[in-house]
Amino acid sequence: MSIAGDHETSRLDDAARAGWLYYVAGNTQDEIARKLGVSRQSAQRLVSLAVSEKLVKVRLDHPIANCMELAHRLTKKFGLITCEVAPTDPDAPAALTGVAQLAASEIERILKSDHPKIIALGTGRALRACVEQLPKMDCPQHRIVSLLGNMMSDGAATPYNVVIRMADRVNARHYPMPLPVFARSMEEKQLLQQQEAVHNILELARQADITFVGIGNIGDNAPLLIDGFVSREEMRAMRKAGGIGEITSWVFDRNGKLIDGLTNDRVASAVLQISPSKPVIAIAVGTIKSEAILAAMRGNLINGLITDEATAEQLLNH
């Protein structure tokens, strides 16, 4: 598609969102402006465009409408403060592109703020795909901090750490965590986290204005196992202890409670915490992760979600 075609598609998408918010959700133009990150005049023009392009009839005649309806239902059902749903590609239901583009748009809105912000990042395939969709920007006012270590146990770089890559694309100050994902013992973890540089990074993570994380499932195809962070024996022990998912390598059960012991004793990641006023947004796609996503929402480990239609529908059917 040409650049002009991409711009036209984006313009209609924005008009569809504005039309849905106005005619279906009953938002005012001021509310639409705030939610879309545009001026009130732009919001008014987008609503008018939705009408002139005949996107608005009895229902919103655009593919994004079902996505917005799913996001609205997920927000109400699970008490989320933010939710976005991307269309699912029927030919590639596990594809990350749509969700990555949606998440990149959200991050780009944040980065455009003149007010300095601390953005905390987890790791994983979905987050890396999202960062690859970000445009080149100049954002020296912001700080980007990693929530977990960027090294394997042998000192090699982890494959899906995104802080350095994102900072390179947007020219922001960045703080990678100079630790292995798992320490060899609880005692080593305590020693590592007492280092001044690490302590400062953990404090930055605690102060983050917004956090983006991935969610991993637990089982034979778990990212922690596939990427070599844990052994099959450790994975079996996690499942036996009730582990259903993980965020930044913290393993939790189906109620969103951290499991006792095992690798959770040695994980060097920042503590999972949530504040009602600060978004912790999971970028997660794939029905294989639905139980882990549900558990994270039940346990208030996240209060925001960016996913796709197929995953959203499965979450709502549980």
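This report looks at a surface patch and at one strand with its neighbours.

The model is predicted, so local features need pLDDT of at least 70 and side-chain atom pairs count only at pLDDT 80 or more, while totals for chains, interfaces and linings use all residues. Residues are numbered from 1 along each chain as its sequence is written, and side-chain values use heavy atoms, with hydrogens and water left out.

Let's start with strand β9 (residues 280-283), which is covered on both faces: V280 and A282 are buried on one side, I281 and I283 on the other. Buried means under 20% relative accessible area, exposed over 50% and partly exposed in between (1.4 Å probe, protein chains only). In a regular strand the side chains alternate between the two faces of the sheet.

| Pairing | Bridges | Direction |
|---|---|---|
| β5 (residues 210-213) with β9 | three bridges | parallel |
| β9 with β10 (residues 304-308) | three bridges | parallel |

T211 has V280 of β9 as its bridge partner, and I283 is partnered by I306 in β10.

Now to the surface. Y22, Y23, V24 and V51 form a nonpolar patch with about 350 Å² of accessible area together. Patch residues have over 30% relative accessible area and no salt bridge, like charges being joined within 9 Å and nonpolar side chains (Val, Leu, Ile, Met, Phe, Trp, Tyr) within 5 Å. A salt bridge is a side-chain nitrogen of Lys or Arg within 4 Å of a carboxyl oxygen of Asp or Glu. Helix α1 (residues 3-24) gives the largest share of the patch, three residues. V51 sits in helix α3 (residues 40-52) and counts as partly exposed because its relative accessibility is 39%.

Key: Accessible areas come from the Shrake-Rupley method with a 1.4 Å probe; for residues, only the protein chains shown count as cover. Helices (H or I, at least four residues) and strands (E, at least two) are DSSP runs, numbered from the N terminus. Two strands pair if DSSP finds at least two bridges between them.
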